[in-house]
Structures are given as C-alpha cells and as structure tokens.
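Q: Please take a close look at one part of this model, a strand hairpin. Then set it in the context of its chain.

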Amino acid sequence: MRSLSEIETAVKRASRAVGFSWGNSEEIGKSIRQLELFGLQGIKNLNQYYKDKTTKKFEDLNLINEKNEPSLEAYCPIILGISFLDQIKSVESYEIIKIKKIAYPVIFLSFLSRASEISGKKIHVIFDKNEILLNLNVNIYSNFFHQEFPNFSNEIEIKFLNNQDSFTESEWNSLYKLAENTFVEESDSLKQGAAGAGLTDND
Amino acid sequence: MKIELRDPNTIMKLSRLGSFHQSKLSFLRSFLSEFKDWDYKRDLFNLDHNGYGEAVYSFKKKDRVYSLVCFANEIDDQERSDRVIATKWDAAFTLHDGVPSRDDIERLKNEVPKQEVGRLSFKELTLSRANKSVRVFNHVVDSLSEGKQPDLELLSKVGYLYRTTAVYGSGKFGLADRFRIKNREEINGPFRLEMMLVYLVRQFTFDQVNHVAHHKNPKSAVKLDKQICKNLGIGNSTGLGMAPFIVNHPTLLNNWILTRETALKKIREIKDVKEKDRELFIDCIKKSLTNITSWNTDSEYQQKKIKSLLKNIKKFIDYIENSFDFKAEYPFNKIYLWLEKNVCEESIEYVVSIMMEPYNNITEPLVSNMSSDEDRYFNIPTNRTVNELQKIIENKYPNILDINFDQKESQQNFWFISKNKEEPRLADRFEEHGSELEQPLAIARDIKKLYEKLLSEKNNITIAQFLSSNSELRHVVRRAFIVEKFPYSEIQDNTIGKDIVPIDMLRLKLSFFGALKFDPRSDKWLRICMFQGAPLPTELKNYDDQWVYKSNN
C-alpha cells in the first residue's frame with residue numbers, strides 16, 4: 001500500500017511535470033492526498049486526466065461567478081479548484097454556484113472539500129443527479145462509494161450550507177432535560193459559598 | 001531584565017546555522033530522556049558464527065512495544081559503499097510497531113535488505129541500513145577473540161563499529177504515515193523513532209561483534225568492555241538528501257530554532273545563577289575540550305573551524321576563570337555579550353548549547369514545542385492584499401532583497417532530483433544540463449522575483465487576484481505568509497549562489513539530531529557520530545545527563 005506521504009510527493013512532482021507551477025502542484029498534492037484518505041479514487045482520476053490533457057485543451061476558469069460556462073472544452077478541474085479555494089471569500093456569498101462542463105469532477109471535489117474547511121461551512125454539491133456533502137474536510141458523504149466517478153460532468157451546482165442544527169428545538173430540550181439530572185439543586189448556603197466569586201463586586 | 005530573541009536575519013544565515021552544535025534540546029538526548037523508563041529487551045538473536053542472521057530488540061511500556069528488526073548480511077568488500085547508489089549493506093534495519101510475528105519477520109527479511117526498492121507496510125515506522133567500519137570491526141573481533149580489549153587509539157579515531165547511510169521515516173517506501181502515530185505522547189518530539197532505531201542499532205553492533213569474536217575462539221574470547229562500548233557511537237554518512245528538508249518544512253524549522261532561541265533568552269534572563277548551576281556549566285565547558293581535541297577530520301575547512309573553536313573556548317575558559325564574576329547579576333547575559341564581541345560564530349553557538357546544561361527546568365518543557373502540524377499553515381490567506389504581502393517581504397527578507405540575481409554568481413547553482421536515485425543534488429547551472437527541471441529551493445531568488453512583481457501591481461488588489469495571473473510565484477507567496485507568523489522558518493541566505501556551502505544546511509539538521517564530530521568529506525557530504533558516550537540500554541534508568549561531555553573519545 002502506498003503511504004499518503006508517497007502519494008502527495010508523487011502527485012506534486014507529476015503535476016509539475018505536466019506543466020503546473022510548483023505552488024499549484026503543492027495544492028494538487030494536498031488535494032489528491034485528501035481524496036485518497038477519504039477512500040476516493042484520486043490517483044486514478046488524476047492519472048487519466050493528465051493523459052487526456054495531452055490531447056485536449058481544457059479551459060481555465062480563473063474568476064468564478066454565480067454561473068460559469070466554458071466556451072468550448074470542459075473546465076480544468078485543477079485550475080477551477082485552486083480558483084475556488086483562492087476566491088472562497090467571494091464565492092461563499094453566492095446562494096448557488098453553477099458550473100457547466102467540468103472534466104474529472106472528483107478532482108474538483110477535493111478542492112471543494114478543502115474550501116469547506118477554510119470557510120467553516122458544509123458544502124452541498126449536486127452533479128448529474130448525484131448528491132455529495134462535503135463536511136469541513138473531515139469527510140465526504142456521497143453515494144459514489146460503489147460506483148466510479150464519471151470523467152465528465154455536464155453541470156455542477158454548489159451550495160454553501162448555513163451552519164444549522166440537524167434537530168428540532170424540542171428534541172434538544174428533551175435531551176437537555178436528561179442532562180440536568182446531573183446537576184445539584186442549590187440551597188441558600190450553597191448559593192452563598194459554593195461559587196467563589198461574585199460576592200463583593202461593589203468595589 | 002527582558003532579553004529580545006536573537007534577530008532571524010543574523011541567526012538564519014547559513015554560516016551561523018552551520019555553526020550549531022548539539023544541546024539538551026537535541027533529539028537523541030530528548031529521546032533518551034523520554035524512553036529511560038521503558039523496558040529494554042533483546043527478543044531474538046539468531047546469528048550464525050560469522051554474525052549473519054536476524055535479531056530483534058525492543059522497548060516496551062504497558063501495551064506499547066517498538067521492535068527493531070535487524071538483518072545482517074554477508075557482502076563483498078567491493079559492494080560496500082556509503083553512497084546512496086549502493087544496493088547492498090552489511091546490515092539493514094526497520095523499527096516495527098509492536099511485536100513482529102514470524103510472518104512479519106519473513107516478510108521483512110525479503111524487503112528490508114532491499115531498502116529503497118523494497119516495500120514496507122504501515123506496521124513499520126522507520127527504515128535504515130549500515131555498513132561496518134571494516135578496519136575497526138575486524139580489529140575488535142580479533143582482539144576480543146584473543147582475550148584482549150581493542151586498541152583504544154584506533155577506536156577513538158573512528159568512534160564507531162558501524163555507520164548508517166540513510167534513515168527513512170514518515171511514509172517513505174510504504175512506512176507508516178506520521179499522522180497514524182502523531183497522537184502518541186512518547187513520540188511528541190521530532191525524529192524520535194529515527195533516534196530509537198539508531199540507538200538500538202548501536203547495541204546490535206556491540207552484540208554482533210561480541211558474538212563473532214566468541215565463535216572465532218570460544219575458549220579465550222572476552223566481551224567488549226562496557227565502558228569502551230559507551231565510548232562508541234554509531235557513525236552516519238550524510239549527503240545532500242537532508243538539505244531540502246529544512247527548506248521544505250518551514251514551520252518545523254522555525255519551531256526547532258525558536259525553541260533554541262527561547263531557551264537562550266530565558267537563560268540570559270536569569271538574574272542570579274546558583275553555585276551548582278555555575279559549576280555544572282563550567283565543568284561541561286572544560287570537559288567538552290576532549291570532544292574538540294578528539295574531533296578528527298581530513299577536511300581543511302573543518303580543521304580550521306576546529307582550531308579556531310579550540311582557541312576560542314580556551315580563551316573563554318580563561319575569561320570565566322580569571323576575569324568574570326558569576327555572582328554579578330544576569331551573568332549568562334554578560335557571557336553572551338562577551339562571546340558576541342570576542343569569539344567566532346562556531347564558538348558562540350558551542351557555548352550557547354552548553355549554557356542549557358544546568359537548566360532542565362527551561363529545556364524540558366520546550367522540547368514538546370519542536371514538532372509542527374504543517375498542514376495547518378498550508379492555506380494561503382488569499383483575501384489579504386498585495387500591499388500587505390509587500391510589507392511582509394520588506395520586513396522579513398531585508399537581506400534577501402539586497403541580493404542582485406542578475407549577477408551570474410548569484411544563481412550559479414540549481415537543485416534537482418536525480419533520476420537514478422530520486423535524491424536531491426546540486427549542480428552548476430551554467431556547466432550542467434537539467435536546470436529547466438530545477439526544484440523550488442531557490443527561495444531567495446523567487447522571493448525577490450515575487451517582490452519585484454508586487455511592486456508593479458496595484459496595492460489594494462487581493463492575493464487571490466494576484467495569483468490568478470502569477471501562479472508561478474504561488475510557492476513563495478505561501479512561504480512569505482508563513483514567515484510572517486514564524487520568524488525562524490526561512491534560511492536568510494541564497495541557497496543557489498556560487499559560494500554556498502551545502503554542508504551548512506546538513507550541519508544545522510544534524511546538530512538538532514544531536515550529532516557530534518562533523519567530518520566533512522567534501523562541501524556536499526559529511527560523516528558524523530551519534531550516541532558516542534551515551535548510556536547503554538541497560539543503564540537508561542539511571543544515567544548521567546551530561547554524558548555528551550564525559551566521553552573518553
């Protein structure tokens with residue numbers, strides 16, 4: 001089994017070899033390492049993408065808007081991913097970001113996962129009827145575990161989820177009531193003597 | 001009194017970094033301190049009469065076991081090479097996580113002797129190989145088999161029976177990734193498992209030499225005297241492979257240097273020095289003279305440094321014995337200021353290291369700060385502005401900005417990775433081919449390039465906007481934001497200039513390992529000795545903390 005350290009180093013060098021700058025190659029190394037850590041096929045997809053890149057001219061998207069569509073070929077998932085990371089402060093203000101035609105979307109996902117951590121928000125992604133939840137770069141929840149990621153996506157929708165509870169107020173109150181059973185009801189003397197602070201604040 | 005930390009623009013120069021010496025903060029010493037309470041055991045010793053076969057040594061505490069698995073092999077003299085291009089070694093080693101099963105040992109027997117072309121698993125933590133100093137090893141075998149102890153003068157000249165030629169860890173060749181084990185308290189210090197491997201290998205070399213001598217002449221052979229064993233270490237040959245490490249791990253480098261600088265600052269801030277602390281300091285300085293006089297090297301470069309060191313340390317001893325009042329306030333600060341005025345860089349750093357000896361209370365808590373979770377600082381704050389980045393560079397790289405990279409000699413060299421061995425190398429840009437495949441280790445040049453580019457941009461544009469059309473500078477943009485927070489993360493020198501002495505980079509790292517007796521064999525590789533004078537594993541529970549200065553060699 002290859003270690004993650006080996007994966008990151010090999011990806012960085014290979015990315016430099018196909019023409020990315022050293023700084024971008026470092027980003028790619030980190031992202032593919034993360035995909036492999038999550039059990040997704042980073043190496044396989046990157047390898048295939050770099051092969052395709054020799055015959056196809058993928059488009060670079062340097063400035064991300066709410067709606068993005070390439071003029072001809074699909075977007076390069078790497079430049080798209082790095083741009084997304086770099087522009088995280090502006091893109092997170094969009095309600096939904098739509099991107100048409102992306103090559104090897106799983107590669108892009110690795111950058112989105114890191115973007116989720118940087119922004120501190122979960123990211124919900126829908127592409128070609130598949131749904132993925134990127135959870136602060138701690139994990140990726142998807143229904144792809146038993147199927148291959150496609151090497152092309154016609155459209156991706158990205159939504160930053162506001163941090164909100166997954167439970168109702170009454171469910172919380174019910175649980176909190178149980179937690180209160182570990183507390184002690186304070187008598188007057190306990191109220192006076194057990195806190196240790198706040199008794200002589202009129203100074 | 002409040003003492004400022006020393007200026008990174010002075011300390012992070014290569015000539016200063018290349019003058020660093022081991023100290024209480026060094027990894028081999030903090031390793032011994034951490035593992036002194038662990039149970040040491042030789043679990044397996046299955047060598048034939050010539051000393052070839054397998055052995056296993058372990059450290060155990062509660063449920064945690066680390067096992068060194070050793071494979072000693074027969075090789076021809078002409079196959080023995082310390083260079084990384086070698087394919088066979090006298091012995092090969094791996095540190096296994098836990099107790100290796102029979103199956104593990106069989107698997108490792110096939111893989112470990114192959115080193116870089118073998119495959120290890122997540123159950124292995126470090127990997128290494130070593131060659132005998134044949135002259136010394138054979139002499140010791142002959143002497144012991146005849147019932148005599150070996151010639152101490154010969155042993156003193158070399159200092160070890162074996163020298164390692166590489167020690168690998170952190171995920172190389174399938175070894176466990178650091179993240180799998182990073183939460184273990186006992187290894188919360190850099191290179192602790194690498195230090196364990198080398199330390200246990202040292203014991204294997206003593207056991208092997210005794211074993212071979214015994215089988216050569218069972219009736220009259222004696223064992224190598226324990227005191228002689230203690231005065232032997234493990235040699236190491238180190239080439240350029242180590243140099244890029246300190247460039248590629250900026251926050252880790254910062255934490256090593258910052259820890260050392262913090263210790264020095266705290267010692268200089270001590271108002272009254274206790275008599276016992278003063279005596280210990282002076283005792284270590286005096287005893288350390290043996291380390292200098294027994295420091296052998298053929299390198300003229302190092303001989304000059306040693307000569308100057310010896311002269312300066314004698315001058316310093318004369319000063320503290322005859323002209324200095326230790327009862328004055330802040331004596332270590334006064335000593336430091338005297339050193340800055342009167343002795344060479346090598347001597348300043350030598351005494352700085354020894355200043356730490358009496359102060360476990362200062363150094364011990366600092367050791368845990370010497371690791372780094374580098375991923376935490378990887379992301380670039382792209383919402384910041386070009387103006388801010390420009391200011392950071394002006395503040396943090398003032399000397400780098402003075403270098404004229406239009407001059408040929410300022411970019412005479414380039415770093416590359418050898419296709420044959422996948423190891424870093426340095427070559428003349430104008431004499432050799434391959435500079436188009438240069439590694440991103442010319443930080444000074446690229447920082448200056450970045451700065452010049454920033455000058456032509458509008459001040460208020462964001463780093464995200466800047467990077468969208470300047471991706472070739474991304475690696476140094478990242479570094480500049482790192483150095484903003486970590487002042488000692490960057491070498492403040494030109495790593496591709498004509499006058500670069502690459503062994504300065506190696507020495508910096510090796511001093512933090514705890515190496516002694518740097519012996520440069522050229523400007524690109526050197527030999528060192530580790531654990532010379534260190535307690536044997538059976539003595540760890542109660543050992544002299546200042547063993548470094550009490551070796552007889």
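A: A hairpin joins β10(B) to β11(B) through five residues. The model is predicted: local features need pLDDT of at least 70, side-chain atom pairs count only at pLDDT 80 or more, and totals for chains, interfaces and linings use all residues. Residues are numbered from 1 along each chain as its sequence is written, while chains are lettered from A and ligands numbered from 1 in the order in which they are written.

Strands (E, at least two residues) and helices (H or I, at least four) are DSSP runs, numbered from the N terminus. β10(B) spans residues 516–520. Four of its five residues are buried, so the strand is mostly covered. Buried means that 20 or more other C-beta atoms lie within 10 Å of the residue's own, with C-beta atoms placed from the backbone. Its partner, β11(B), covers residues 526–530. The two strands pair in the antiparallel sense over three bridges; pairing takes at least two DSSP bridges. B:Asp519 has B:Arg527 in β11(B) as its bridge partner.

Now the rest of chain B. An automatic or database assignment sets the domain bounds. Domain 1 is 36–239 and domain 2 is 374–485. Their C-alpha centres lie 41 Å apart.

Chain B also touches chain A. The contact takes 23 residues from chain B and 19 residues from chain A; residues count as in contact if their C-beta atoms, placed from the backbone, lie within 7 Å. On chain B's side, α21 (463–468) and α22 (474–485) are the elements giving two or more residues. α22(B) gives the most, with four residues.

Technical notes:
Buried ≥ 20, exposed ≤ 12 C-beta atoms within 10 Å, placed from the backbone. Contact = placed C-beta atoms within 7 Å.
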